[in-house]
Amino acid sequence: MEAALEARGLCFGYGDIPVWEDVSFSVGAGQVAFLTGPNGAGKSTLFRCLAGWLTPGAGEVLVGGRPFTGRTRLAPGELTFVSDVPSFYDDLTAIEHVELVLAANRAESERPRAEALLGRFGLNGRERLLPSAYSRGMREKLALVLALMLRPRVMLLDEPHGPLDREASLVLSEELAAVAAEGTAVLLSCHHDVPGLVPDLSLALEDGALSAHVGA
């Protein structure tokens with residue numbers, strides 16, 4: 001199976017204190033992988049390294065078989081990352097965020113999909129509001145709409161189900177299963193069972209090391 005996302009020997013630390021070492025795994029096109037681990041294990045740090053937001057001390061990340069860093073130019077929509085605390089522009093409404101991301105990724109053809117996702121996540125009628133007026137769960141939904149509407153090759157999602165109610169969690173799981181069926185590689189972190197979604201690969205980060213096994 002083609003590896004859409006691959007980590008090879010990643011290490012990260014602060015000064016002389018390692019967070020984790022020799023992290024290696026791959027997620028194939030169309031696979032869903034879960035990343036678990038206790039608070040403070042470094043899951044969010046790993047996501048930021050995979051997304052190019054942080055530079056690991058050693059090792060490399062590959063996207064579509066090519067080395068990837070924060071300076072790498074990817075094709076529009078090739079990789080999307082929803083962090084544990086999504087951020088937005090202060091002066092743009094939710095729908096203006098949608099329009100900006102569609103334009104920046106030359107993905108105007110995905111506007112109907114964006115509108116459908118806004119409806120599925122219950123944001124219809126609220127898309128003219130600023131994200132600062134949203135609850136935490138609504139901000140998470142908006143970030144997920146922005147990521148999902150692009151049909152990316154790789155999706156990185158840091159605790160996406162955490163702020164959502166059960167109904168929205170099930171919608172998200174359905175959407176993730178759908179994009180995986182279309183060939184997207186999905187890596188998400190979680191602290192608990194995810195309703196309606198079974199992983200192809202389970203990764204566990206604990207005590208500075210990563211373990212992996214196939215299935216849930």
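Me: In which helix is glutamate 99 found?

Reply: In this predicted model, glutamate 99 is found in helix H2, which spans residues 94–104.

Me: Is glutamate 99 buried, partly exposed or exposed?

Reply: The general idea is to compare the relative accessible area with two cut-offs, since buried means under 20% and exposed means over 50%, with partly exposed in between. Glutamate 99 has a relative accessible area of 33% and is therefore partly exposed.

Me: Which residues gather in a patch of negative charge on the surface?

Reply: Such a patch is built from residues with over 30% relative accessible area and no salt bridge, like charges being joined within 9 Å. Here the patch of negative charge on the surface is formed by Asp90, Asp91, Glu96 and Glu99.

Me: Which way should I read the backbone of arginine 106, with a positive or a negative phi?

Reply: Arginine 106 has a positive phi of about 50 degrees, although it is not a glycine. This arginine 106 lies in the loop between H2 and helix H3 (111–120), and with a relative accessible area of 69% arginine 106 is exposed.

Me: Where does aspartate 207 lie?

Reply: Aspartate 207 lies in the loop between strand S9 (201–206) and S10; it has a positive phi of about 55 degrees although it is not a glycine, and aspartate 207 is exposed, at a relative accessible area of 75%.

Me: Where in the chain is confidence lowest, and where is it highest?

Reply: The predictor gives each residue a confidence from 0 to 100, and for this chain the mean pLDDT is 94, with 99% of its residues reaching 70 or more. Confidence is lowest in strand S10 (residues 209–214), at a mean of 91, and highest in strand S7 (residues 154–157), at 98.

Technical notes: Residues are numbered from 1 along each chain as its sequence is written. This is a predicted model: local features need pLDDT of at least 70, side-chain atom pairs count only at pLDDT 80 or more; totals for chains, interfaces and linings use all residues. Side-chain values use heavy atoms; hydrogens and water are left out. Patches are made of residues with over 30% relative accessible area and no salt bridge: like charges are joined within 9 Å, nonpolar side chains (Val, Leu, Ile, Met, Phe, Trp, Tyr) within 5 Å. Accessible areas come from the Shrake-Rupley method with a 1.4 Å probe; for residues, only the protein chains shown count as cover. A salt bridge is a side-chain nitrogen of Lys or Arg within 4 Å of a carboxyl oxygen of Asp or Glu. Lys and Arg count as positive and Asp and Glu as negative; His and the chain ends are not counted. The place of a charge is taken as NZ of Lys, CZ of Arg, CG of Asp or CD of Glu. Helices (H or I, at least four residues) and strands (E, at least two) are DSSP runs, numbered from the N terminus. Buried means under 20% relative accessible area, exposed over 50%, partly exposed in between (1.4 Å probe, protein chains only).
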